[in-house]
Amino acid sequence: MMYAAKKCGIKFQPPAIILIYENEIKGKSRQRIMPVRNFSKFSDCSRAAEQLKNNPRHKSYLEQVSLRQLEKLFSFLRGYLWGQSLAETMEQVRRETSIDPEEDLNKLDDKELAKRKSIMDELFEKNQKKKDDPNFVYDVEVEFPQDEQLQSCGWDTESADEF
């Protein structure tokens, strides 16, 4: 069966992921409640999201829900279990899922670097203009304004005959 996910959310008591989906064959909107078991404030959100997404009972329903969205929902649940307010948890999730342009990525470990790269890939896919987009232009030429005199570098002033 094909299911089109419409909304995905979380319920704190008892902990559960709630999915509102539409059955594409029948055209009816339905709600599926997927209980979250064995999750504590020390649990890994990405691992819990993968386990839920790969669960045979829920796999067909969660096909269109991204793993990143499920991780965010589990982060909200973990923040609730730690006793944080919703605003504090939202700020923490925003910090974890955004990229700081001034951050030195060379100093990160492999796991954190992979996380940052996946965030960048997702942002790239979201902002990418494809051929089907209405604002797509094939060959874009842009002239950048030059406010000040260009400085020449020593390496590009020598002639190519010297090689």
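Q: What makes R95 exposed in this predicted model?
A: The relative accessible area of R95 is 52%, and because exposed means over 50%, R95 falls in that class.

Q: Why is E91 called partly exposed?
A: E91 has a relative accessibility of 34%, and since buried requires a value under 20% and exposed one over 50%, E91 belongs to the class in between, partly exposed.

Q: How do you know that E91 and R95 meet in a salt bridge?
A: Their N to O distance is 3.7 Å, and the cut-off asks for a side-chain nitrogen of Lys or Arg within 4 Å of a carboxyl oxygen of Asp or Glu, so the pair qualifies. Both residues belong to helix α3 (residues 86-96), where they sit 4 residues apart, about one helical turn.

Q: Which residues are joined into one network, and by what?
A: R68, E71 and E122 are joined by salt bridges that share partners. R68 pairs with E71 at 3.6 Å between the closest N and O atoms, and with E122 at 3.2 Å, N to O. Because R68 lies in helix α2 and E122 in helix α4 (residues 110-127), the latter pair ties together parts that are 54 residues apart in sequence.

Definitions and conventions
Residues are numbered from 1 along each chain as its sequence is written. This is a predicted model: local features need pLDDT of at least 70, side-chain atom pairs count only at pLDDT 80 or more; totals for chains, interfaces and linings use all residues. Side-chain values use heavy atoms; hydrogens and water are left out. Helices (H or I, at least four residues) and strands (E, at least two) are DSSP runs, numbered from the N terminus. Buried means under 20% relative accessible area, exposed over 50%, partly exposed in between (1.4 Å probe, protein chains only).
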